[in-house]
Amino acid sequence: MGNKRAAPAKTASLYTPEQRRRRDASVWTLVQGILAPLQFVVFLVSLGLVVRYLLTGAGLEAATISVIIKTLVLYTIMVTGAIWEKVVFGKYLFADAFFWEDAVSMLVIALHTAYLAAWLWGWGGPRVQMFIALAAYTAYAINAAQFLYKLRMARLEAGQTVLTGHESRVRA
């Protein structure tokens, strides 16, 4: 009668207690915590350089290098993020708790890779390539917002766990 797959998605908790323990014990959580803000800073600098080039025609080389660096940082965070997901959830990608974030991440990777391919083979010329970079950056911004939302949810959940644990001790 009911869809058995839909039931886990309806739970309010992002992590089981065991997943939370693995998350908190994993070095990959720290790695993600360092790479995520680094990637965001690289994104902001690169976005500025790309927009500058598109508006003025100046700084193509700097914009190109910045998009390549952004792409390399993205690949790094995606590989380490997949390892983190395996440690915490038991699968490299598309764990129930992060399914949609991973799905959008695939689009982000595809667009960044499309930029690299266009740049390497000279497809479309510099302006088209920079518009591909902007499309990649738009998808990245959406994906970053998804992950920030999940981070906030995890923090609120952790606060509830602490509060609930405290309340049960007071009642006991």
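**Entry 1: the pocket lining**

I looked up which helix gives the largest share of the lining of the largest pocket, and H6 does, with ten residues. Helices here are DSSP runs (H or I, at least four residues), numbered from the N terminus. This is a predicted model, where local features need pLDDT of at least 70 and side-chain atom pairs count only at pLDDT 80 or more, while totals for chains, interfaces and linings use all residues. Residues are numbered from 1 along each chain as its sequence is written, and side-chain values use heavy atoms, with hydrogens and water left out.

Next I checked the volume: the largest pocket holds about 940 Å³ of space. My note on terms: on a 1 Å grid over the protein atoms alone, with a 1.4 Å probe, a pocket is an open set of points with protein on both sides within 12 Å along at least five of seven lines, and lining residues have an atom within 4 Å of a point. The volume is the space filled by probe spheres set on the points, which are joined across faces, edges and corners.

I found 32 lining residues, and Gln32, Gly33, Ala36, Phe147 and Leu151 are the closest to the pocket centre. Helices that give two or more residues are H2 (17-25), H3 (27-56), H4 (60-89), H5 (99-121) and H6 (125-171). By class, I have 19 nonpolar, seven polar and six charged residues in the lining; Ala, Val, Leu, Ile, Met, Phe, Trp, Tyr, Cys and Pro count as nonpolar, Asp, Glu, Lys and Arg as charged, and the others, Gly among them, as polar.

**Entry 2: aromatic pairs**

I searched the whole structure and got eleven aromatic pairs. Rings of Phe, Tyr and Trp (its six-membered ring) pair if their centres lie within 6.5 Å; planes under 30 degrees apart are stacked, over 60 edge-to-face, the rest tilted.

One of them joins Phe40 and Phe43, tilted at 40 degrees with centres 5.6 Å apart. Both sit in H3, and because they are three residues apart, about one helical turn separates them. Phe40 is partly exposed at 37% relative accessibility, whereas Phe43 is buried at 7% (buried is under 20%, exposed over 50%, partly exposed in between, with a 1.4 Å probe and protein chains only).

Then I turned to Trp84 and Phe98: their planes meet at 80 degrees with centres 5.6 Å apart, so the pair is edge-to-face. Trp84 lies in H4 and Phe98 in the loop between H4 and H5, so the pair ties together parts 14 residues apart in sequence. Both residues are buried.

**Entry 3: cluster and charges**

I noted one aromatic cluster, formed by Tyr15, Trp84, Phe89, Phe98 and Phe147. Arg23 lies over the face of Tyr15, 4.5 Å from the ring centre, and Lys150 over that of Phe98, at 5.1 Å (NZ of Lys or CZ of Arg within 6 Å of the ring centre and within 35 degrees of the ring normal).
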